[in-house]
Amino acid sequence: MAFYLAKRLGLSAAVILLVVLVLFSLLYLIPGDPATIALGPRATPEAVARYAEKMHLDEPVWAQFLIYVGNALTGDLGVDVFSDRPVAEIIGERLGFTLALVSAGLGWAVLLGVPLGCLAAVRPNTVFDRITGVLSVGTIAVPSFLVSIWALLIFAVGLGWLPAIGAGEPGDLGDQISHLILPAFAIGLSWVGYLARMVRASMLEVMGENYIRSARAFGLRPNKVVFGYALRVAILPTITLIGMGFGGLISSTVFAEIIFARPGLGKMIFDAVMARNFPIVQGGVLVATGLYIVVVLISDLVIAWLDPRVRESL
Amino acid sequence: MSVNRSELDVGQPAVDSSRLPEEALEDTMRESAARERREKLRMFLTSWQGMTGLILVLVFFASAIFAPWLAPYDPNAIDIANRLSGPTAAHWIGTDQLGRDTFSRILYGGRVALKIAAIGVSVSLVVGLILGMIAGYGPRWLDNLLLLLFDTVRAFPTIILALATVALTGPSLELVLAIVIITSIPQYARVARTATLSLKAADFILAERSLGASTPRILFHHVMPNVVGPLLILAAMEVPVVVTVEAGLSFLGLGVLPPTASWGTILNEGYLVIRDTPWMVIAGGIPLILTTLGFTFLGEALRDIFDPRMGRGR
């Protein structure tokens, strides 16, 4: 177990390091002065000089890279070009909105998708199963940013039931929740389909196993067999799927934040791209990809912890 | 499965004393392969999912290729007097903020989607196939290095990677293509790698090696034909991803630039006037959904018929 843990951690660290390397070298792939590129055409000459000094642009490139990595490790991601505030501080303010949206979106999808998949697997090839199957493919095929736009059109602009933009008044929980509903619906919808399909497929496989037959033969209640025994095994591939699909979830979160003007990480990166505020882009991208890598790592570890077959083989 | 009498008769090899038993066996094998092919074609033609997918895909191809003949107006012809009109006899699904005919723009937008999908999918398939075969067949260290690279690319959520790059280079069609290709290569490479690994120890590969065949010969003559099938199915499933990425990036203003019509730019312009007219965001989304749905249905039907095991994974 310790070896496995060390290996997975080492691999994740290597990937993050490579991501930093790519982000760092992007600046140097573009011809021109890195300081001017990073700060954009609107930066004052003083800001350029300060940036050049701060980024140690007079040093060789490899030394600059090491300094950048060293700074990032201590939480120093540079400063915002316009407000001069530390990038890490700005990200800290925005991260909460993104995490709330991701958890709400994934949360309702799990709460609906997993039971749907179970029910479909318990009654395979019935009308219910077929309808769930078609709806699953349907929701998977609709791009999430389109769901965002249409949800905005129908429920905010057309019916006026829910607010269209922003994240709600700070401190007013009800207002914040009402601002969360539409974007969370939009990013979760295709996940309902994904999860229902995945759970159905692995449940069908598990339900054919001998120990499920034994449990049934002992006269255990069907609900206990399905949710107590079969689901515990069938949920494992689903956890892997959530881990692997998290990158896609981040992408749809970026869209939802932009469309609903929600001040999260994605909106921050987008605005920074438009303003050519590269320190913010660099820091934001690093945090977003780091988030993804951590989630994949956690999902792998949860599997190793939950599945005795994997646990024993470590 | 019930087996009727006539099928049994076909299945029994006819004994012909004038021929060598090997020849008779070969004939039977060829016959059964042909029968299997016919059976698969029949399965495809009778699956409603496969046929719906095929029809949608054909409509997509036809409307994109014949757009100049089908479009009632020039997609860039401005008519301010008739701006933001709803569906009328002259403009079937209305006009945009400059009075351009939305239906014509959608037809032309399909051309952009088709172009990106055709180039993006074919280039990433070929590169992914080669890298995957190298990873699967080559030495262990090369495999590990390539896997690390694939993981790194996957660690960037597509939109985040696009945002980071656009911040430096500015939006363009070429950039969308590059991002689509870079992010999908790992998908193909992983499938090709797994298939190559399982072939590596197969008897016919070992025999070929012991006869002194060169590595490129083994890879391209013997491994590739066995690996390319699942990749083609994956390609059908990747088209929706590619089309969605193009539309999404263009929607954000990071891809195809106005005045060029693309489903993404139509959605973007529609989003900006969403409070004045719902028609543009409705009309821009429908072809996107139909195309993704078509390719998803087609890919799934092909996968179920040719490779039922591939269904798990993602």
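**Figure 1. Domain assignment of chain A in the predicted model.** Chain A is divided into domain 1, covering residues 13–73, and domain 2, covering residues 90–313. Taken over C-alpha atoms, the centres of domain 1 of chain A and domain 2 of chain A are separated by 35 Å.

**Figure 2. The aromatic pair A:F155 and A:W161.** Over all chains, the count of aromatic pairs comes to 12. In one of them, the ring centres of A:F155 and A:W161 lie 6.0 Å apart and the planes meet at 35°; the pair is therefore tilted, since stacked pairs require planes under 30 degrees apart and edge-to-face pairs require over 60. A:F155 has a relative accessibility of 26% and so counts as partly exposed. A:W161 reaches 61% and is therefore classed as exposed, the cut-off for that class being over 50%.

**Figure 3. An aromatic cluster with residues from chains A and B.**

Figure 4. Four helices each supply at least two lining residues: α1 (2–29) of chain A, and α6 (140–155), α7 (158–169) and α8 (173–200) of chain B. With 6 residues, α8(B) provides the largest share of the lining. By class, the lining of the second largest pocket comprises 17 nonpolar and 3 polar residues, with no charged residues.

Key:
Residues numbered from 1 in each chain as written. Chains lettered and ligands numbered in written order. Predicted model: local features only at pLDDT ≥ 70, side-chain atom pairs only at ≥ 80, totals over all residues. Heavy atoms only, no water. Domains from an automatic or database assignment. Phe/Tyr/Trp six-rings, centres within 6.5 Å; stacked < 30°, edge-to-face > 60°. Buried < 20%, exposed > 50% of the residue type's maximum accessible area, 1.4 Å probe, protein only. Nonpolar A, V, L, I, M, F, W, Y, C, P; charged D, E, K, R; others polar.
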